[in-house]
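The following exercises are to be worked through with the sequence and the structure in view. Each task is followed by a solution in steps.

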Amino acid sequence: EAMKLWSLAQQRFEAMVGKDEAARLRAALDDIAALDFDIPPAAPSK
């Protein structure tokens, strides 16, 4: 059921912004997700 809803959401998004723009946004998000942010661990709480 979740996959059907996700697919519908993606179709509606593409209808609103266009397939090419949606593909560019997904590619940009993939690039960002692939970055190694090397975030230090959080400081211990006091």
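**Exercise 1: Placing a residue**

Ile32 has its place in helix 2, which covers residues 19-33. The model is a predicted one.

Task: Determine whether Ile32 is buried, partly exposed or exposed.

Solution. Step 1: The relative accessibility of Ile32 is 46%. Step 2: Buried requires under 20% and exposed over 50%, with partly exposed in between. Step 3: Ile32 therefore counts as partly exposed.

Step 1: Ile32 also belongs to a nonpolar surface patch, together with Leu25, Leu29, Leu35, Phe37 and Ile39. The accessible area of this patch is about 620 Å² in total.

**Exercise 2: Examining helix 1**

Task: State how the reach of helix 1 compares with the expected value, and decide whether helix 1 lies largely in the open or is largely buried.

Solution. Step 1: Helix 1 comprises residues 2-17, a run of 16 residues. Step 2: From first to last C-alpha, helix 1 reaches 22 Å, close to the 22 Å expected at 1.5 Å a residue. Step 3: Of these 16 residues, one is buried, so helix 1 lies largely in the open. Step 4: Just after helix 1 comes Gly18, with a positive phi of about 95 degrees.

**Exercise 3: Describing the whole chain**

Technical notes:
Residues numbered from 1 in each chain as written. Predicted model: local features only at pLDDT ≥ 70, side-chain atom pairs only at ≥ 80, totals over all residues. Heavy atoms only, no water. Patch = residues over 30% accessible without salt bridge, like charges linked within 9 Å, V, L, I, M, F, W, Y side chains within 5 Å. Areas by Shrake-Rupley, 256 points an atom, 1.4 Å probe, with all protein chains shown as cover. Salt bridge = Lys/Arg side-chain N within 4 Å of Asp/Glu carboxyl O. Helix = DSSP H or I, 4+ residues; strand = E, 2+ residues; numbered from the N terminus. Buried < 20%, exposed > 50% of the residue type's maximum accessible area, 1.4 Å probe, protein only. Expected span 1.5 Å × (residues − 1).
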